[in-house]
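Please keep the structure in view while reading.

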Amino acid sequence: MAKVKKLILVTASHHPLHNMWVKLLDKLAEEHGVEKEIRIEDYVLLVEHGATDEYGMAWVPQLLAELDDGTIKLVLAKFPLDEALQPDPDKAYEVAEKRLKELEEGS
């Protein structure tokens, strides 16, 4: 089974949800006891390991996890919205936690 070694947030400081993504990163890294890294607009990393559109273009922010075997996997590509179409930090945390558990279980 793989273990999460580090969480990597690829973001842009001017993005409207930047601070929410950073808070999510901080919370997950602290709870899982792993390193965290913030990269600014690292589109090469995202094209290689993150989510892309139909043209192969990546967007920011996205949250990735580096596993102890050196692989990098996508954790969260889009911040979830609630019924009022507002960012939902609780849902983002829930989705990210579920994905981290899947990664560690080998799914």
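The report describes the sheet and then the nonpolar cores.

This is a predicted model, in which local features need pLDDT of at least 70, side-chain atom pairs count only at pLDDT 80 or more, and totals for chains, interfaces and linings use all residues. Residues are numbered from 1 along each chain as its sequence is written, and side-chain values use heavy atoms, without hydrogens or water.

An open sheet of mixed pairing is formed by 4 strands in the order 2-1-3-4. Strands (E, at least two residues) and helices (H or I, at least four) are DSSP runs numbered from the N terminus; two strands pair if DSSP finds at least two bridges between them.

Strand 3 (residues 62-67) runs antiparallel to strand 4 and is joined to it by 4 bridges. Leu-63 has Leu-76 in strand 4 as its bridge partner.

The largest nonpolar core holds 22 residues, of which Leu-7, Leu-63, Val-75 and Leu-100 touch the most other members. Such a core is a set of buried Ala, Val, Leu, Ile, Met, Phe, Trp, Tyr and Cys residues joined through side-chain atoms within 4.5 Å, where buried means under 20% relative accessible area (1.4 Å probe, protein chains only). Helix 1 gives the largest share of this core, 6 residues. Apart from it lies another core, of 9 residues, including Ala-12, Ala-58, Val-60 and Leu-64.

Key. Buried means under 20% relative accessible area, exposed over 50%, partly exposed in between (1.4 Å probe, protein chains only).
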